[in-house]
Amino acid sequence: MRKFEKSVKLNNVCYDIRGPVMDEANRMIARGEEILKLNIGNPAPFGFRAPDSLIEIMSGNLTNTEGYSDSKGIVSAREAIKKYDEKKNIPNVTIDDIYTGNGVSELITLSMQGLLDYGDEILVPSPDYPLWTASVTLAGGTAVHYICDEESNWYPDVKDIERKITPRTKGIVVINPNNPTGALYPKDILEEIVKLARMHDLIIFADEIYDRLVMDGKKHTSIASLAPDLVCITYNGLSKSHLIAGYRVGWMSISGDKSQAKGYIEGIKLLSSMRLCSNVPAQSLIAPALEMMGETEKLVAPGGRVYQQRECIVNLINDIPGVSVVKPEAAFYCFPKLDVKKFNIHDDERFALDVLRKKKILFTHGGGFHWETPDHFRIVYLPEMEVLKKAGESLKEFLADYKQAD
């Protein structure tokens, strides 16, 4: 019972679904108050729409996708994913190594359930996308958090990773581009992580769903491309890059030397079969979407909406006394830092509640991403610039005389 209670608590805190901040936001909404939601990476409420051509393709395929598919997914989707993996130089992937899912989240949970016994450890970044910690815990494992260093552009601290490897460590999670920081990891950092995984016989779990939302002319390197001799599971999907979060289209590819993990892969196959299959009409979008990158590229190029909103929020945050932010290079999140002495902050969740009640702005506190010090919060910068500017002004006004109560 104690372990179950811990898992439920993790879900509440991490996802902000039923935690105190979200509960208060829902009460305010029920009273008719308008809340600006900067807490979740859902493009739809902010005027982003899937390309019309994708919607037409899915509509036209509805009558052809009425039954269950193979548990791994329809062949055309997996062939397109295989082709995409080849472009990313991910080695040794056949269509039988590819599994579609109802979003990446389902596949993360499935892959942890297939691997972990009670007490097994998985290295997870701090800050993290919180589903990783929740999925490890629910599977009976222990999430051991390694530090990403804000002073080094939020890159993983490789020495900290090495210190935290034990005989119980089964794998390492690499979220690149990173949620919540927006960091894009350079090749040399990834190579160092691969060396550690090779030395300690670890599986690499590569969460790369933001790999097409990279700015400033930078290029994303898939860590699996650097580890042909290791078992890597790479996760990706269309929710963010193609603005169809509600359609639930994700996949994972198992690459490298799979002979080392035959039992684990059999477990994944079994769990995949148990849920029958993922959303078949949505699977029909994968092949055309992966040939349709132009709209995404426009969003993150100079002058594009996501790029411009990134520039706007970074300037707004850094203009607030006592607040700073490392400029994100990918995705649509930033992870600002608060001067805890200036604002007397000792509880970041209370800080989020105070902003919500006073300024009706909802964001997720840093603790929701397993960041232990109460000095950060995540902003989703998807709203249009006029909305972001108003939010920035409101936050600046709020912090002008804010001191958290003892």
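**Entry 1: terms and ground rules**

I take a cavity to be a set of points, on a 1 Å grid over the protein atoms alone, where a 1.4 Å probe fits but cannot get out; a pocket is an open set with protein on both sides within 12 Å along at least five of seven lines, and lining residues have an atom within 4 Å of a point. The model is predicted, so I keep local features only at pLDDT of at least 70 and side-chain atom pairs only at pLDDT 80 or more, while totals for chains, interfaces and linings use all residues. Residues are numbered from 1 along each chain as its sequence is written, and side-chain values use heavy atoms, with hydrogens and water left out.

**Entry 2: the largest cavity**

I searched the whole structure and found three cavities of 30 Å³ or more. For volumes, grid points are joined across faces, edges and corners, and the space filled by probe spheres set on the points is taken. The largest cavity comes out at about 60 Å³. Its lining is L38, I313, I317, I361, F363, I379, A391, G392 and L395.

Next I sorted this lining by class. I count Ala, Val, Leu, Ile, Met, Phe, Trp, Tyr, Cys and Pro as nonpolar, Asp, Glu, Lys and Arg as charged, and the others, Gly among them, as polar. The largest cavity has eight nonpolar lining residues, one polar and no charged.

Which elements supply at least two residues each to the lining of the largest cavity? They are helix 13 (305–318) and helix 16 (385–399). Helix 16 gives the most, three residues. Helices (H or I, at least four residues) and strands (E, at least two) are DSSP runs, numbered from the N terminus.

F377 of strand 15 is the bridge partner of H365.

**Entry 3: the second largest cavity**

This cavity has a volume of about 50 Å³. I listed its lining: Y84, D85, K88, I90, E208, D211, S222, T234, N236, W251 and S253. Helix 4 (75–87), strand 8 (232–237) and strand 9 (250–255) are the elements that give two or more residues to it. By class I get three nonpolar, four polar and four charged.

**Entry 4: strand 8**

Is strand 8 mostly covered or uncovered? Mostly covered: six of its six residues are buried. Buried means under 20% relative accessible area, exposed over 50%, and partly exposed in between, with a 1.4 Å probe and protein chains only. C232, T234 and N236 point one way, and I233, Y235 and G237 the other. In a regular strand the side chains alternate between the two faces of the sheet. T234 and N236 both line the second largest cavity.

I then checked the neighbours. Strand 7 (residues 203–207) runs parallel to strand 8, with four bridges. A206 stands opposite T234. Strand 9 pairs with strand 8 in the antiparallel sense over six bridges. Here Y235 faces M252.

**Entry 5: salt bridges**

I count 25 salt bridges, each a side-chain nitrogen of Lys or Arg within 4 Å of a carboxyl oxygen of Asp or Glu. D211, from the second cavity lining, meets R212 at 3.1 Å, N to O. Both residues are buried.

K269 and E266 form another, at 3.3 Å between the closest N and O atoms. They are three residues apart in helix 9 (residues 262–274), so about one helical turn separates them. K269 is partly exposed at 32%, and E266 is partly exposed at 47%.

R310 and E311 meet at 2.9 Å, N to O. R310 is buried at 0%, whereas E311 is partly exposed at 21%. Shared partners join D216, R310, E311 and K327 into one network of salt bridges.

**Entry 6: the second largest pocket**

Helix 12 (residues 294–300) holds the largest share, three residues. The classes are seven nonpolar, three polar and seven charged.

Definitions and conventions:
Two strands pair if DSSP finds at least two bridges between them.
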